Amino acid sequence: MSSIDIPSHQLLERILSLEIVRVTERAAVAAARLPIRGTIVIGEGERDEAPMLFIGEKVGRDTGPAMDIAVDPLEGTTLCAKNMPGAIATVALADGGTLLNAPDVYMEKIAIGPGYQKGVVDLDASAEENVASLAKAKGVKATGITALILDRPRHADMIAAVRKTGAAVTLITDGDVAGVIHTADPEDTGIDIYMGIGGAPEGVLAAAALRCIGGQMQGRLVLDTEEKRQRATHMGIKDLRKKYTMEEMVSGDCLFAATGVTNGSMLKGVKFHPEVIETETVVMRSATGTVRWIRAEHREHGKFYLG
């Protein structure tokens with residue numbers, strides 16, 4: 001039987017677009033190992049060395065084109081532990097060397113959806129300035145803007161500043177990957193802008209998703225100790241105060257997938273039935289802007305290693 005050669009530039013779309021779904025489906029049901037080739041650039045932390053997940057770990061069969069992999073098997077750990085809405089399993093794949101190799105530290109973030117001129121919001125502007133600029137670009141008053149912010153003491157001043165403008169604030173306890181994604185469809189989600197400080201790994205994953213569906217995002221690593229600065233330098237980061245654009249965090253073609261673990265505003269959670277396990281997954285590709293929603297019924301439970 002003759003083989004069919006697939007050009008490397010089509011590999012993401014034609015082979016991995018469904019394989020990536022299987023990864024997050026399995027991670028959502030149980031802590032399945034990643035059946036994907038590449039290098040983990042966002043994982044469980046460069047110091048943890050969790051098997052198959054730590055930053056720098058090589059995965060796959062060591063054949064085919066080099067790929068960067070960013071993974072968060074459980075984004076929203078507290079949400080899952082408390083059976084609260086919004087826990088997801090996420091993964092992003094991209095051409096080798098195109099994902100920001102971010103250390104496991106905090107990141108300042110700001111994100112909005114598509115349809116706006118570049119530079120409408122900026123990480124270095126105040127919360128009041130960003131709300132006013134976005135409201136002007138949207139053609140509404142500040143009262144027509146809703147900001148999504150993680151409910152943390154460190155954001156108290158930012159929350160107060162946004163509310164002072166008349167804009168609404170929606171607070172979340174966890175899950176800022178989904179939070180950034182919500183900005184891409186404000187008519188449905190009611191969210192116009194995401195701002196605040198969260199995890200850098202989640203920032204890169206969120207940038208990958210937004211790169212697929214459109215929008216703007218900026219991030220800056222929070223390197224507030226010498227140990228963090230040394231870790232960043234060791235990972236090849238030269239400008240420790242660099243303000244990264246979305247395109248700098250994810251500079252090449254990428255795929256992003258997320259599977260719901262608990263029910264949330266973006267995805268339904270895993271449902272167990274006597275004969276069937278139900279999952280819901282979204283998978284996106286940046287080169288085409290394609291977004292696929294996949295509701296699956298799994299009758300072969302053995303593939304999830306539940307025994």
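Start by selecting strand E9 (216-222), which is part of what covers the buried residues of helix H8. Covering here rests on contact, meaning heavy atoms within 4.5 Å, and buried means under 20% relative accessible area, with exposed over 50% and partly exposed in between (1.4 Å probe, protein chains only). Helices (H or I, at least four residues) and strands (E, at least two) are DSSP runs, numbered from the N terminus.

Before moving on, know that this is a predicted model, where local features need pLDDT of at least 70, side-chain atom pairs count only at pLDDT 80 or more, and totals for chains, interfaces and linings use all residues. Residues are numbered from 1 along each chain as its sequence is written, and side-chain values use heavy atoms, leaving out hydrogens and water.

Now pick H8 itself, residues 226-234, and colour Lys-228, Arg-231 and Ala-232, which are buried. They sit on the same side of H8, because they cover an arc of only 100 degrees around the axis (taken from the directions from the helix axis to the C-beta atoms).

A salt bridge is a side-chain nitrogen of Lys or Arg within 4 Å of a carboxyl oxygen of Asp or Glu, and the structure holds 15 of them.

Next, show Lys-138 and Asp-192, whose side chains meet in a salt bridge (2.6 Å, N to O). This pair links distant parts of the chain, 54 residues apart: Lys-138 is in helix H3 (residues 127-138), and Asp-192 is in the loop between helix H6 (186-189) and strand E8 (193-199). Lys-138 is partly exposed at 35%, whereas Asp-192 is buried at 5%.

Select Met-217, Leu-221, Met-249 and Phe-256, the residues with the most contacts inside the largest nonpolar core, which has 47 residues. Such a core is a set of buried Ala, Val, Leu, Ile, Met, Phe, Trp, Tyr and Cys residues joined through side-chain atoms within 4.5 Å. Helix H7 (residues 200-213) gives the largest share, 9 residues. A second, separate core of 21 residues includes Ile-112 and Leu-134.

Last stop: the cysteines. How many disulfides does a search of the whole structure find? The count is 0, a disulfide being a pair of cysteine sulfur atoms within 2.5 Å. Zoom in on Cys-254: the closest cysteine sulfur, in Cys-212, is 3.8 Å away, too far for a bond.
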